[in-house]
Structures are given as structure tokens and as C-alpha cells.
Amino acid sequence: MLNYEVDPRLLLPFVPSGTELDKWNSKVFISLVGFRFLKTKLFGLLAIPMHANFEEVNLRFYVRRQVGNEVRRGVAFIRELVPRRAIAFVARTFYHEKYTTLPITHDIRVLPDNNLRVEYRWCSAKRWNSISLETDDNLSLPIPDSAEQFIAEHYWGYAAQPRGGCVEYRVSHPPWRVWQVRQSAFDGNAEDLCGKEIAAVLRGEPHSAFLAEGSAISVMQG
């Protein structure tokens, strides 16, 4: 997860109805994220052949919604990339999420000092783009009130709908342990994902980066 501080005005056109931008220490973030789905089942029951294990790369930001006395802190997506058309079709149909189908690969390797190097690559506009990092720490839960905890612990998803409404869905998983990193990089052209202004942000240095171990996860019906 590569995390960038961003001018909130750039995100206002993407904020789903009924939510507002979530902030950490008065800062607003977008994150460029690569991860793997493993043993995926539709509605928790049906495993679709050849579609259970796959990569995703997405560009996300963080929102919140007040429901009575509860503050629901969630994620909204600017763009989501997957390697198979059927996966994108299901996500667009049930959630109206902004899925695009592109070739995606990943590489995870153990370095001589037992740290990890992780890379996700996707092909867009006839060129390969990548995000990568190398770990530099032991696996541990994020420090309370840290940027890592803020980013990793959003348990709701929000998707803007074509007629101006919003789908809300809950995402259930235990807190993730994370590795700190000694270096991270984005290499590519993100303008086709998010436009020129946000792409310019991604060309700068991330505010933070980390690798999360992941876990079993349930995405509830919207």
C-alpha cells in the first residue's frame, strides 16, 4: 500500500453521496494498492472455476458516514483493475464499482536478508506500470493512531451509483499486521486511471508505505 497526501479538492468529485472525506491528523490520503484474492467465493458459497485466485490493483481514498451514534469509516475507489472480465462484470453489476480489465502480474520474493520484495504490474496504454516495495521490519500490528492503522482499518465500502445514490457494504476481517518498508516506488503513467491532477500526486514521494499480511475476508451484500 503506497499512500499519498492529497488536496481534498481533487477528491470531491469522487465522494459518494451521504459520505464525507475521512482524515488523519487533518490530512487526506489516496492509496495505490496491489493485492491477491485467494480462494474467492461469490456470496461466500460459489467458487467460479479459473476465477478464485487473481490479482487486483486499485486506487482508493477514505470516507466516513455518521449513522446515529456510530461513525462508519470506509473506502471509496477511483479505479479498480483486475485481470479477468467476469470479475469486473460482477463487481460493476452488483456494486457499480469502477472496475477495468487489464493484464496484471505480481512477484513476491524473499531477499538474502529475509526481508520481502513485492511487486504488482499492470499493462495499460501499451506499457507496463508497477508498484513495488521492500520490507524493513518485523511483522506487527500498526501503532495505535498511526497512519498505518488509519489506512488499514476501514471496515466499510462505499460506491457511488449512476443516478446519484450510494451503495454501502460492510467488509469484515481481523486487524492486519504490517511490515514497514525501506523503499517503495510507483513506475508508470496513471493518467488513464485518475486524470492528470491525481496522477501528478502519484509521481511524488508517498507519505507512507507498508505491506499488510492480509487475512480471510468477507464482503457483505450492499
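In the predicted model, residue N25 is found in the loop that links β2 (20–21) to β3 (29–37). The backbone of N25 adopts a positive phi, near 50 degrees, in a residue other than glycine. Most residues other than glycine have a negative phi. The relative accessibility of N25 is 54%, and the residue therefore counts as exposed, the threshold for that class being over 50%. A positive phi is also assigned to N114, at about 70 degrees, although N114 is not a glycine. N114 is placed in the loop between β7 (104–110) and β8 (116–124). Because its relative accessibility is 64%, N114 counts as exposed.

With regard to overall architecture, the protein comprises 4 helices and 14 strands. Its radius of gyration is 17 Å, close to the 17 Å that the globule rule gives for 222 residues, so the protein is as compact as a globular protein of that length. The C-alpha trace spans about 50 × 45 × 35 Å along the principal axes of the protein. Among contacts between residues at least 6 apart in sequence, 63% join residues at least 24 apart. Of the 222 residues, 43% are buried.

In soluble globular proteins, nonpolar side chains tend to be buried together. The largest nonpolar core in the model contains 38 residues, and the members that touch the most other members are L11, I30, F61, W122, F186 and C194. Helix α4 (residues 191–202) contributes the largest share of this core, 6 residues. For F186, when neighbours within four places in sequence are left aside, the contacts are L2, Y4, L32, W122, S130, I131 and L202.

The cysteines were considered separately. A disulfide is a covalent bond between the sulfur atoms of two cysteines. With a cut-off of 2.5 Å between cysteine sulfur atoms, the count in the model is 0 disulfides. C194 is in no disulfide, and the nearest cysteine sulfur, that of C123, is 17 Å away. C194 has a relative accessibility of 11% and therefore counts as buried, the limit for burial being under 20%. By contrast, C166 counts as partly exposed because its relative accessibility is 28%.

Conventions
Residues numbered from 1 in each chain as written. Predicted model: local features only at pLDDT ≥ 70, side-chain atom pairs only at ≥ 80, totals over all residues. Heavy atoms only, no water. Helix = DSSP H or I, 4+ residues; strand = E, 2+ residues; numbered from the N terminus. Buried < 20%, exposed > 50% of the residue type's maximum accessible area, 1.4 Å probe, protein only. Core = buried A, V, L, I, M, F, W, Y, C linked by side-chain atoms within 4.5 Å. Contact = heavy atoms within 4.5 Å. Rg over C-alpha atoms; globule rule 2.2 N^0.38 Å.
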